[in-house]
Amino acid sequence: EPIATALFVTEGTYSDWAKRLAADNKRSNDPLYAEWINIHAESSLADFVSYLANQSGEIGNADDARVERVFRRTLRYEIAFWDEFFGSPATEFPHA
């Protein structure tokens, strides 16, 4: 399903980001952000991301073009979200 690919992009990104912050001992004084790091650095999320990667790979074997479109589109929206949050100019992407 395309949802596995979309979740792989978002949850995989968040999991990687949080694990790096936790490993570098970069904890926030903001309780909400600190909890976000704790939740996303958990090994159970990493296990879920691995499951999603496997699901996306199985789908990809059947329909690589569709999986790639979903992956690129989700990544494009995720980057645009963070560009907006940080006040960066809109990122240009080729149509996916």
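Is serine 50 buried, partly exposed or exposed? Serine 50 is partly exposed, because its relative accessible area is 41%, between the 20% limit for buried and the 50% limit for exposed.

## Serine 50 and its setting

The model is predicted. Serine 50 belongs to helix α3, which covers residues 43–62. Glycine 12 stands 38 residues away from serine 50 in sequence. In space the two C-alpha atoms are 8.4 Å apart.

## Overall fold

The chain has four helices. In sequence order the pattern reads α-α-α-α.

The chain holds 96 residues, and 28% of them count as buried. Take the contacts between residues at least 6 apart in sequence: 56% of these join residues at least 24 apart.

## Glutamate 11 in helix α1

Helix α1 runs over residues 2–23 and contains glutamate 11. Glutamate 11 is buried, yet has no salt bridge. Its nearest side chain of opposite charge belongs to lysine 19, 11 Å away.

What does glutamate 11 touch, leaving aside residues up to four places away in sequence? The contacts are His40, Leu45 and Val49.

## Aromatic pairs and the cluster

A search of the whole structure gives seven aromatic pairs. One of them joins tryptophan 17 and tryptophan 82. The geometry is edge-to-face, with centres 5.3 Å apart and an angle of 85° between the planes. This pair links distant parts of the chain. Tryptophan 17 sits in helix α1, and tryptophan 82 in helix α4, residues 64–86.

Tyr14, Trp17, Tyr33, Trp36, Phe81 and Trp82 make up one aromatic cluster.

## Two salt bridges

How many salt bridges does the count give? The count comes to two.

One joins arginine 20 to aspartate 16, with 3.0 Å from N to O. Both residues lie in helix α1. They are four residues apart, about one turn of the helix. Arginine 20 is partly exposed, with a relative accessible area of 47%. Aspartate 16 is partly exposed as well, at 38%.

Another joins arginine 72 to glutamate 68. Their closest N and O atoms are 2.9 Å apart. Both partners lie in helix α4, again four residues apart, about one turn of the helix. Arginine 72 is partly exposed, with a relative accessible area of 46%. Glutamate 68 has 41% and is also partly exposed.

## Helix α4 and its end

What does α4 span from its first C-alpha to its last? The helix has 23 residues and reaches 33 Å. That is close to the 33 Å expected at 1.5 Å a residue.

Several α4 residues are buried: Val67, Val70, Thr74, Arg76, Glu78 and Asp83. Arg76 has a further feature. The charged end of arginine 76 sits over the ring of tyrosine 77, 5.4 Å from the ring centre. Just after α4 comes glycine 87, with a positive phi of about 75°.

## Summary

Technical notes:
Residues numbered from 1 in each chain as written. Predicted model: local features only at pLDDT ≥ 70, side-chain atom pairs only at ≥ 80, totals over all residues. Heavy atoms only, no water. Helix = DSSP H or I, 4+ residues; strand = E, 2+ residues; numbered from the N terminus. Buried < 20%, exposed > 50% of the residue type's maximum accessible area, 1.4 Å probe, protein only. Lys, Arg positive; Asp, Glu negative; His and termini not counted. Salt bridge = Lys/Arg side-chain N within 4 Å of Asp/Glu carboxyl O. Contact = heavy atoms within 4.5 Å. Phe/Tyr/Trp six-rings, centres within 6.5 Å; stacked < 30°, edge-to-face > 60°. Lys NZ or Arg CZ within 6 Å of the ring centre and 35° of its normal. Expected span 1.5 Å × (residues − 1).
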